Amino acid sequence: QVQVVESAGGSVQPGGSLRLSCVVSGLRFSIYAMGWYRQAPGKQRELVATITTRGSTNYVDSVKGRFTISRDDAKNIVFLQMETLKPEDTADYYCRVIPTSYWGQGTQVTVSS
């Protein structure tokens, strides 16, 4: 049984930082790319960042230079380090095993003063 479990998000002030993690079990983690997505209230879900099996990364323009995706294949975990957070980063964040239909349950991130 495949499980994708994100860490708790949180509430931070603008300019703050937060790190999300996602642990995957039940499959061979190292052979899959991983992605972080987000969905803001009233908006469609968007792809935020991806990391390939070789560690190549890609980001949506709005987070470039502020977010960093990384992975630890020994621990079956993927991270999303978020810096200089803005109110527009407020959303539910989801982890996904790419290109499968395995998603995490989502974790809420709120950026507000």
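Close-up 1. The model is predicted; local features require pLDDT of at least 70 and side-chain atom pairs pLDDT 80 or more, whereas totals for chains, interfaces and linings use all residues. Residues are numbered from 1 along each chain as its sequence is written, and side-chain values use heavy atoms, with hydrogens and water left out. Strands β1 and β3 run antiparallel and are joined by four bridges; strands (E, at least two residues) are DSSP runs numbered from the N terminus, and two strands pair if DSSP finds at least two bridges between them. Both strands belong to an open sheet of four strands, with antiparallel pairing and the order β1-β3-β8-β7. The edges are formed by β1 (3-6) and β7 (67-72), each of which has a single partner strand, so one side of each is left without a neighbour in the sheet. On average, neighbouring strands of this sheet are turned by 15 degrees against each other, direction ignored (axes are lines fitted to C-alpha atoms, and angles run from 0 to 180 degrees between N-to-C directions).

**Close-up 2. A disulfide joins Cys22 to Cys95.** The structure holds one disulfide, a term for a pair of cysteine sulfur atoms within 2.5 Å. The S to S distance between Cys22 and Cys95 is 2.2 Å, and the link is left-handed, with -85 degrees about the S-S bond. Cys22 lies in strand β3 (residues 18-25) and Cys95 in strand β9 (residues 91-98), so the pair ties together parts that are 73 residues apart in sequence. Cys22 is buried at a relative accessible area of 0%, and Cys95 is likewise buried at 0%; buried means under 20% relative accessible area, exposed over 50%, and partly exposed in between (1.4 Å probe, protein chains only).

**Close-up 3. Strand β4 (residues 33-39) is mostly covered, with five of its seven residues buried.** The strand is part of an open sheet of six strands with mixed pairing, in the order β2-β10-β9-β4-β5-β6. Seven bridges pair β4 with β9 in the antiparallel sense, and Gly35 stands opposite Arg96 in β9. Strands β4 and β5 also run antiparallel, joined by five bridges; here Tyr37 stands opposite Leu47 in β5. The hairpin of β4 and β5 has six residues between the strands, and Gly42 takes a positive phi near 80 degrees.

**Close-up 4. Strands β5 (residues 46-51) and β6 pair in the antiparallel sense over three bridges.** The bridge partner of Thr50 is Asn58 in β6.

**Close-up 5. Arg38 and Asp89 meet in a salt bridge.** A salt bridge is a side-chain nitrogen of Lys or Arg within 4 Å of a carboxyl oxygen of Asp or Glu, and by this rule the count comes to five. The N to O distance between Arg38 and Asp89 is 2.9 Å. Arg38 lies in strand β4 and Asp89 in the loop between β8 (77-82) and β9, so the pair ties together parts that are 51 residues apart in sequence. Both residues, Arg38 and Asp89, are buried.

**Close-up 6. Arg71 forms a salt bridge with Asp73.** The closest N and O atoms of Arg71 and Asp73 are 2.7 Å apart. Arg71 is buried, with a relative accessible area of 17%, whereas Asp73 is partly exposed at 30%.
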